[in-house]
Amino acid sequence: MTSARLRIFVFGGVLAGVLGGAPLAAQAPQRIDLAEQLGTGKLKAVNRDVTKLDGQGRQGAVHVSEKEGNGVVWIDGTDFTEGTIEVEVRGRDMLQRSFLGVAFHRKDDTTYEAVYLRPFNFRAEDPVRHDHAVQYISQPDYDWPRLRKEFPEEFENPVDASIVPTDWVPLRIVVAAQKVQIFVGPARSPTLEVRKLGELTRGAIGLWVGNTSDGDFANLRITPAKGS
């Protein structure tokens, strides 16, 4: 499988501290080696532990542990506004035990936007569950229960059923001022396109896992929006 990439906008043309080198030019895509950042103390875990993954065919991969409650591993030094985020994630095909994705626009550890997958719903025969495979949220005001109740089916969608729930899955998130587009797996058109909720416009990027969930993450890349 071709490695997916995580692309994250670098505000002001600089991603300092995350990569530990010279400042990057604006709009220059930059791959983030998560294992390397873990080794230098640049991954800041909230309600989770992070370990390096070896022998997985993914250079720089990390594992985020399972615990009750949501967890985020913030990438120290990132300051994201608009652009593209790409990452490969690997979860589990276990009902209500695998929620994983990307958080962005961090204000604090409980206030941010996120996009995540539910791998156990990728191939669900129940049509309702099948429709709930990818989700957008804006914490804390717009978590999934409120969105599902007040805006049914607007902020979640099914994914291509050919995607294996336990494989490494490419996830690409395109963030603009008013909308978010999410591409899952081989999709060439958005798997989910939503209006942005809340007033968050910038902040750090994080690896996100939900209640009682763990996850594997690799091949992250940051790319700024054109003209930003």
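Does Phe120, at 3% relative accessibility, count as buried or exposed? Phe120 counts as buried, where buried means under 20% relative accessible area, exposed over 50% and partly exposed in between, with a 1.4 Å probe and protein chains only. The model is predicted, so local features need pLDDT of at least 70 and side-chain atom pairs count only at pLDDT 80 or more, while totals for chains, interfaces and linings use all residues. Residues are numbered from 1 along each chain as its sequence is written, and side-chain values use heavy atoms, with hydrogens and water left out.

- Strands here (E, at least two residues) and helices (H or I, at least four) are DSSP runs numbered from the N terminus; two strands pair if DSSP finds at least two bridges between them.
- Strand S1 (residues 30–32) runs antiparallel to S15 and is joined to it by three bridges; Arg31 has Arg221 of S15 as its bridge partner.
- Strand S4 (residues 62–67) also pairs with S15 in the antiparallel sense, over four bridges, and His63 stands opposite Asp216 there.
- Strand S6 (residues 83–90) is antiparallel to S15 and is linked to it by seven bridges, with Ile85 partnered by Ile222.

**Aromatic pairs**

- Rings of Phe, Tyr and Trp (its six-membered ring) pair if their centres lie within 6.5 Å; planes under 30 degrees apart count as stacked, over 60 as edge-to-face and the rest as tilted.
- The count by this rule is seven aromatic pairs.
- One of them joins Trp74 and Tyr112, whose ring centres are 5.6 Å apart with planes at 75°, so the pair is edge-to-face.
- Trp74 sits in strand S5 (residues 71–75) and Tyr112 in strand S8 (residues 111–117), so this pair ties together parts 38 residues apart in sequence; both Trp74 and Tyr112 are buried.
- Phe99 and Phe120 have ring centres 5.3 Å apart and planes at 85°, so they too are edge-to-face.
- Phe99 belongs to the loop between S6 and strand S7 (100–108), and Phe120 to the loop between S8 and helix H2 (127–130), so the pair connects parts 21 residues apart in sequence.
- Phe99 is buried, at a relative accessible area of 12%.
- Ring pairs link Phe99, Tyr116, Phe120 and Trp208 into a cluster.

**Charges over rings**

- A charge sits over a ring if NZ of Lys or CZ of Arg is within 6 Å of the ring centre and within 35 degrees of the ring normal.
- Arg172 lies over the face of Phe183, 3.9 Å from the ring centre.
- Arg195 lies over the face of Phe151, at 5.0 Å from the ring centre.
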